[in-house]
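Please keep the sequence and the model in view while reading.

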Amino acid sequence: MGDGLKVFGSVARTRVMVATIALRETYPREVARLTAVPLVTVQRIVDELERQGIVVSRLSGNQRRVTVHPQWIAADELRALALRLLEATPDLRAALDAERRRPRRPGKPRDRAGSNAA
Amino acid sequence: MIGPEATLREVAFAVGTALDREGAHAVLCGGSAATFYAPEVYQSEDLDFVLTFGADDGPVARQALESLGYRFKNGMFFHDASHFTVEFPRGPLAVGNVLVTKTETVREGDRVLHVVSATDVVRDRLHKYAAWDDFSALRAAIGVALEVPVDLDAIHDFMRREGVGVFEKRFDEAFRVFERRVRERRL
């Protein structure tokens, strides 16, 4: 992770922001798992982003759901940048590519994203 | 013969041929069709066939599957020697709000398989990415587009038509991300 992009100040912060924005709605534990950034660090970064008004969070059960604030001044531009940075971060992109987020009928087997690039 | 080493493609041909011989017209679709075109990129564990002609095809399809050793349980077919399950989602065959009327028929020797076109597979996967932020679907769409020729203009038109109202931005973004990664050959 040490050689990663530091567009948003540090590698960890950049990875957390890219994942959070790309996923559109997520929660800190998921971000920590996908970015390989410790959960406490993710929570601290999300707290900072929320204080700046870039993301908003709400509780769903005991889970803190985080989204980019849709009315933040540069929300669209930030998303475009995050998606571009995601393409330049192969390991994070691979982690997101392996995530199935669409619903699955109960009883259906799981799909697997292949590890070989076409 | 369906065995533990059979790939999705082999199972698809076995099932497709058995269905065809019984007179049931069924089309491979969904994630299994993506795997058919790009097996190295996306591995579906189940095969979805949509029966496209007549309500009478149901019992015929069951007979065809049972002749291959499949047994019906909880709405899908299981095989003792293979982890690939087979299911017949309710039709009509459609991608988003668009009915699919033109499909591909692939023949290998005396085996036959009806499958949705690669362009329709990409449409279907991109639709899922746009609707659910499902990056695995995006990867499948890119994988298929890098593996076989697809009609990018038709895919763009489809995404424009599907992404109306509040979804316009989402669908437009999904296509742009897909197109860029295909252009850069960045899976």
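## A positive phi at Asn74(B)

Asn74(B) lies in the loop of chain B between strand S4 (70–73) and strand S5 (76–79); helices (H or I, at least four residues) and strands (E, at least two) are DSSP runs, numbered from the N terminus. Although Asn74(B) is not a glycine, its phi is positive, at about 50 degrees. Asn74(B) has 9 other C-beta atoms within 10 Å and is exposed. A residue is buried if 20 or more other C-beta atoms lie within 10 Å of its own, exposed if 12 or fewer, and partly exposed in between, with C-beta atoms placed from the backbone.

## Basis of the model

This is a predicted model, in which local features need pLDDT of at least 70, side-chain atom pairs count only at pLDDT 80 or more, and totals for chains, interfaces and linings use all residues. Residues are numbered from 1 along each chain as its sequence is written, while chains are lettered from A and ligands numbered from 1 in the order in which they are written.

## Other loop features of chain B

Asp133(B), a residue other than glycine, also has a positive phi, near 55 degrees. Asp133(B) is placed in the loop between helix H4 (118–132) and helix H5 (135–147) of chain B. With 20 other C-beta atoms within 10 Å, Asp133(B) is buried.

Gly91(B) and Pro92(B) are joined by a cis peptide bond, with omega about 0 degrees. Pro92(B) belongs to the loop between strand S6 (82–87) and strand S7 (94–95) of chain B.

## Helix H5 of chain A

Helix H5 of chain A spans residues 90–97, and its residues Leu92(A), Arg93(A), Leu96(A) and Asp97(A) are buried. Viewed down the axis of H5(A), these buried residues fall within an arc of 140 degrees, so they line one face of the helix; the arc is that of the directions from the helix axis to the C-beta atoms.
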